[in-house]
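Colleague: I am new to this one. Please put it on the screen and take my questions in turn.

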Amino acid sequence: MFGIDRLRALAAVAAHGSIAQAAPALHMTASGVSQQLAKLEREAGHTLLEPHGRSVRLTHAGRVLTDHADRVLAQLAAAQSDLADLGHEVLGPLRIGGVGSAVRTLLPDALADLTTAHPRLTPTVVDGEAVDLLPRLLHSELDLLLIESWADRPVPAPAGVTLRTLAREDVRVALSERHPLSDRGTVDLADLAGTPWACCPPGTAPHEALVQALRSRGVEPDIRYLLAEHTTQLALVARNLTAALVPAMSGRHAPPGVRFLATRPALRRDIRAAWLTRAESPPVRACVAAVEAHRQATDQDRPKE
């Protein structure tokens, strides 16, 4: 293994043409440079310098090693620059996890802007539910989460995690237009006793929120379809097989034949950003700010009801 200081000495001699001229650039004595080069020759197993008049010149082996030394030293300089920039520059990896509807609706525009403005940023994204993503955040496998928190089943904030609400939206009941209650503007959940339901799997926030909401109205839920994606749930709703609780952003591209009704009691869902407080970084801050900016722009452009 070649010592960095010795490679630096070789590169300096190649650049300045002599040991004597390289020494001041390295803040060393000429004797000290000679010692470094002698050690490097032993490490390389080749003669790197040969006498040339009153000075020295590189041998073929010396020129080969100098080419490598230049690349190694340039890469080290770049690494030092990146580390120095970490306090304020948006660069490096950004590992994001999020629920599907938030990833689909909130992230694409934000990431497109971020990677254009900061080409040295390298985001990666995985989808999933908060119950699976939070442990990965706590173990530093992910840097930022976009998770859901239902008003009647709020996500707990683990110690050391910062939460920020990015979006707040109504949750409605999705029914087939052939369902006998589909012509209502608002439906009491108690009136849906006996209706089969589609929902995310047990342990997820949507599942627990549905169960709690129905039981609060004296209804024991009949959940027949355990499906992670609202889009798949809505496909079954359209065929009048089931009902589903669907947040507003997940219902924007519902298939034909689906109607959305307000609920009694009213249900709401938040999308929250979550990150380790001790690991907050410029990429995390920039991504959260970009999502917030696009969310605000979308809200302003949406027609008022």
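**Cysteines, a strand and the overall form**

Modeller: A search of the whole structure finds zero disulfides, a disulfide being a pair of cysteine sulfur atoms within 2.5 Å. This is a predicted model, where local features need pLDDT of at least 70, side-chain atom pairs count only at pLDDT 80 or more, and totals for chains, interfaces and linings use all residues. Residues are numbered from 1 along each chain as its sequence is written, and side-chain values use heavy atoms, leaving out hydrogens and water.

Colleague: Which cysteine sulfur is closest to that of Cys 199?

Modeller: Cys 199 is buried, at 5% relative accessible area (buried means under 20%, exposed over 50%, partly exposed in between, with a 1.4 Å probe and protein chains only). The closest cysteine sulfur is 5.3 Å away, too far for a bond. It belongs to Cys 200.

Colleague: How many residues of strand S12 are buried?

Modeller: Strand S12 covers residues 267–276; strands are DSSP runs (E, at least two residues), numbered from the N terminus. The strand is largely enclosed by the rest of the structure, because the buried residues number nine of the 10.

Colleague: How many bridges join S6 and S12?

Modeller: Strands pair if DSSP finds at least two bridges between them. S6 (residues 161–176) runs antiparallel to S12. Val 171 has Leu 267 as its bridge partner. The S6–S12 bridges number 10.

Colleague: What does the C-alpha trace span along its principal axes?

Modeller: The protein chain has 305 residues, and 42% of them are buried. Along the principal axes, its C-alpha trace spans about 100 × 35 × 35 Å.

How values were computed:
Helices (H or I, at least four residues) and strands (E, at least two) are DSSP runs, numbered from the N terminus.
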